[in-house]
Amino acid sequence: MDAILNPHGATLQERASRVAAIAAKHADDVDRQARFPREAVDAMISERLLSIQIPASLGGEGATTTQLADLCTIIAQACAASAMVFAMHHIKLSSLVMHGTESPWHQGFMRAIAADQLLIASATTEGGIGGNLRNSICAIELDGETCRLQKDATVISYGRYADAILITSRAHADAASTDQVMTVFLKDQYTLELTQGWDTLGMRGTCSEGYIFKGEAPAEQIFPKPFAEIAAQSMLASSHLLWGGVWYGIAVDAVVRAQAFVRAAARKTPGQTPPGALHLAEASNLLQLVRSAVTAGLSRYEAALANPDQLSSMGFAAAMNNVKIAVSQTVPKIIDHAMQITGILGYKNGTPFSLGRHLRDAQSAQLMISNDRILANTSNMLLIHKIETGLLG
């Protein structure tokens, strides 16, 4: 990976590692209290990591999706919720970077994000359709140069703490449910009425509460391109790949803790193979499979960026779906192996080998855009698309 230096001469990895060090200090409290990881996000702001994906011409650093995924992994090894906030912010930013550069308003918004390190949230889910982001019930209302929107958003992660929300809706009152647009609303342009809390098994610090969203803004804040294009060409890949970086980071930290446990046991019984060593080998094997899946997906995405037709193809969509399925199904297995190694010390909270938070956070992976929904979409595509039979394409 090419290093990107900030004005102080630190690489992206060094900056993310400083964020991770702060996130680690507060991770257990963030999880216990189900509170926003304020300290970690403030560190991201201090390190100017919220704008690194924005092109340099608009005040950012032009970081690639591969670089972003690597930073997700670094932060997730300390606090998965903090890493997920970082990932979700950059997933939305990918839509701006790829689909907002031709719009003067959206260009200005990216400059503002870079200047002020604004945090961006997403509102794509809706009461009545669940997590099917490619359908909307609500519709944007156009009144001259003004647009208005009300939406029953069942999940807006860290919505109370965001500086802006990118929200989907039908393009107009008579539009089909799949004829959608995405609109940027700034914090002073909307209200949020809490409808659902966030007392969950894992990923508690993402504060993914439900709200009635009511917004009014200039109509120029609507993305000029349809959401179908945005979803296919930026959101699909960036979601699965950046989430994959987060989930890989959770698994890495679990295996590192398990390895430390096995090494400690080996020092106590020289010449004998510790009981957990075989589980460690199996966990390492699965960890490599996850890493390979994510890095292969990243390579395919970066190669496809020059070809919009490829980004919108069935083969590409199926490949990105397969990354998500493979990673989300494998990471919990890795953590289970780590738990078998660490035993009661991994099961207990407050030990150097504790894995409860890792295990609970990893359970979210198969639910964030349900694996069943993704498999159903992929199966439909495979009725038409030819299976890839070669290693080199």
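These legends go with a few close-up views of the structure shown above.

This is a predicted model, so local features need pLDDT of at least 70 and side-chain atom pairs count only at pLDDT 80 or more, while totals for chains, interfaces and linings use all residues. Residues are numbered from 1 along each chain as its sequence is written, and side-chain values use heavy atoms, with hydrogens and water left out.

**View 1. The four-stranded sheet.** Here is an open sheet of four strands in the order S2-S3-S7-S6, with antiparallel pairing. Strands (E, at least two residues) and helices (H or I, at least four) are DSSP runs numbered from the N terminus, and two strands pair if DSSP finds at least two bridges between them. Strand S2 (141-143) and S6 sit at the edges with a single partner strand each, so one side of each has no neighbour in the sheet. From one strand to the next, the twist averages 20°, with axes taken as lines fitted to C-alpha atoms and angles running from 0 to 180 degrees between N-to-C directions.

**View 2. Strand S7 and its partners.** Strand S7 (residues 208-218) has eight of its 11 residues buried, so the rest of the structure largely encloses it; buried means under 20% relative accessible area, exposed over 50%, and partly exposed in between (1.4 Å probe, protein chains only). Strand S3 (residues 146-157) runs antiparallel to S7 and is joined to it by 10 bridges. Look for Thr146 opposite Pro218 in S7, and for Ile156 opposite Glu209 in S7. Strand S6 (residues 190-196) also pairs with S7 in the antiparallel sense, over six bridges. There, Gln196 has Gly210 in S7 as its bridge partner.

**View 3. Cysteines without a disulfide.** With a disulfide taken as a pair of cysteine sulfur atoms within 2.5 Å, the count comes to zero. The closest cysteine sulfur to that of Cys79 is in Cys207, 11 Å away, which is too far for a bond. Cys147 is in no disulfide either, and its nearest cysteine sulfur, that of Cys138, is 12 Å off. Cys79 is buried at 2% relative accessibility, and Cys147 is buried at 0%.

View 4. Met314, Leu383 and Ile384 make a nonpolar surface patch of about 350 Å². Patches are made of residues with over 30% relative accessible area and no salt bridge, joining like charges within 9 Å and nonpolar side chains (Val, Leu, Ile, Met, Phe, Trp, Tyr) within 5 Å. A salt bridge puts a side-chain nitrogen of Lys or Arg within 4 Å of a carboxyl oxygen of Asp or Glu. Accessible areas come from the Shrake-Rupley method with a 1.4 Å probe, and for residues only the protein chains shown count as cover. Ile384 lies in the segment after helix H12 (371-382) and is exposed, at 65% relative accessibility.
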